[in-house]
Amino acid sequence: MAPDRAQWQGTVGHQPGFTLQMNCYDHWVLPWLIDLCMRNKEARRYREQVIPHAAGRVLEVGVGSGLNLPFYGPGVRHLFALEPSPELRRMAGRRTRHARFTVEFLDRTAEEIPLERASIDTVVTTWTLCTIPDAIRALQEMKRVLKPSGSLLFVEHGLAPEPGVQAWQHRLNPFWNRIGGGCNLNRKIDGLISGSGFRLADLHTEYVKGLKPLSFTYSGRAIPT
Ligand SMILES: C[S@@+](CC[C@H](N)C(=O)[O-])C[C@H]1O[C@@H](n2cnc3c(N)ncnc32)[C@H](O)[C@@H]1O
């Protein structure tokens, strides 16, 4: 559990009404909000650029409502779609109808990927490393299941380079973490990836349209070292 989340739960732990409201929010409202927010134009531009590079046996971590599915190319043989939220898995299931490859949903978290070592050609993660409670462990798991010749393709938002923007990211993070289902604004994505047994073969960073604390984006490809 991320420290901010634990802190929040400690603060409101004695207010059952409020906790119940937040459970309903996480269960019913958040999946719908994720689907709506992740359908924006900028995200689509990244999906178009990055997802067609996936090939072979693919693992997508945090598949969400399945918005990457239409962008996988003919090189994909099988997709393992890992997603802990049952509501999001259900939404993604509806988007698999036209897939040209087989899709197998994994009802697990990225910290414990139920796949064999060196069995996957491409791991894909888009806007998910910000939310996974133990991102380092998850990345180590991604490395474990990747073949030595495999790649990790990623698109993630995270810590901006300017101290002024970083200060806002740290300030807003506890609130954002709560309304965003555990999402963090201030993770240094390139450092997390290269510190977890990967080499960054390609890295592109930029602000996308929107508020600066929310929009600094890292995308690229990493290979297991
Ligand atoms: C902002 S959504 C992104 C969804 C999707 N990747 C996309 O591009 O639209 C974050 C996703 O991370 C998933 N997630 C949260 N914790 C996770 C964990 N421990 N392991 C795997 N996925 C997780 C959420 O359920 C959600 O689907």
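**Close-up views of a predicted model**

**View 1. Leu-79 and the residues around it.**
Not counting residues up to four places away in sequence, Leu-79 touches Val-58, Glu-60, Leu-69, Tyr-72, Phe-101, Thr-102, Val-103 and Glu-104; contact here means heavy atoms within 4.5 Å. This is a predicted model, in which local features need pLDDT of at least 70 and side-chain atom pairs count only at pLDDT 80 or more, while totals for chains, interfaces and linings use all residues. Leu-79 sits in strand 2, which covers residues 76-82. Strands (E, at least two residues) and helices (H or I, at least four) are DSSP runs, numbered from the N terminus. Is Leu-79 buried or exposed? Its relative accessibility is 0%, so Leu-79 counts as buried. Buried means under 20% relative accessible area, exposed means over 50%, and partly exposed lies in between (1.4 Å probe, protein chains only). From the C-alpha of Leu-79 to that of Ala-135 is 21 Å in space, and the two residues are 56 apart in sequence.

**View 2. Thr-96 in its loop.**
Thr-96 belongs to the loop that joins helix 4 (86-94) to strand 3. Which residues does Thr-96 contact, leaving aside its neighbours within four places in sequence? They are Leu-69, Val-103 and Phe-105.

**View 3. Two residues with a positive phi.**
Most residues other than glycine have a negative phi, and most peptide bonds are trans. Ala-118 is not a glycine, yet has a positive phi of about 50°. You can find Ala-118 in the loop between strand 3 (102-106) and strand 4 (120-126). With a relative accessibility of 37%, Ala-118 counts as partly exposed. Trp-127 also has a positive phi of about 50° without being a glycine. Its loop runs between strand 4 and helix 5. Trp-127 has a relative accessibility of 16% and therefore counts as buried.

**View 4. Glu-141 on helix 5.**
Helix 5 spans residues 135-145, and Glu-141 is part of it. How is Glu-141 classed, as buried or exposed? Glu-141 is buried, because its relative accessibility is 14%. Leaving aside neighbours within four places in sequence, the contacts of Glu-141 are Ala-110, Glu-111, Glu-112 and Ile-113.

**View 5. Gly-180 and Leu-30.**
Here Gly-180 lies in the loop between helix 6 (163-179) and helix 7 (189-194). Its relative accessible area is 24%, so Gly-180 is partly exposed. Where the chain is concerned, Gly-180 and Leu-30 are 150 residues apart, but their C-alpha atoms are separated by 7.6 Å.

**View 6. Ser-215 on helix 8.**
Helix 8 consists of residues 212-215, and Ser-215 is found there. With a relative accessible area of 4%, Ser-215 is buried. Not counting residues up to four places away in sequence, Ser-215 touches Glu-206, Tyr-207, Val-208, Lys-209 and Gly-210.

**View 7. Cysteines without a disulfide.**
A disulfide is a covalent bond between the sulfur atoms of two cysteines. How many disulfides does the structure hold? The answer is zero, counting a disulfide as a pair of cysteine sulfur atoms within 2.5 Å. The closest cysteine sulfur to that of Cys-183 is in Cys-130, 3.8 Å away, which is too far for a bond. For Cys-37, the closest cysteine sulfur is in Cys-183, and the 11 Å between them is again too far for a bond. Cys-183 is buried, with a relative accessible area of 9%, whereas Cys-37 counts as partly exposed at 46% relative accessibility.

**View 8. Stepping back to the chain.**
The chain has eight helices and seven strands. Of its 225 residues, 48% are buried. Its C-alpha trace spans about 50 × 40 × 35 Å along the principal axes. Among contacts with a separation of 6 or more, 68% are between residues 24 or more positions apart.

Note on methods. Residues numbered from 1 in each chain as written. Heavy atoms only, no water.
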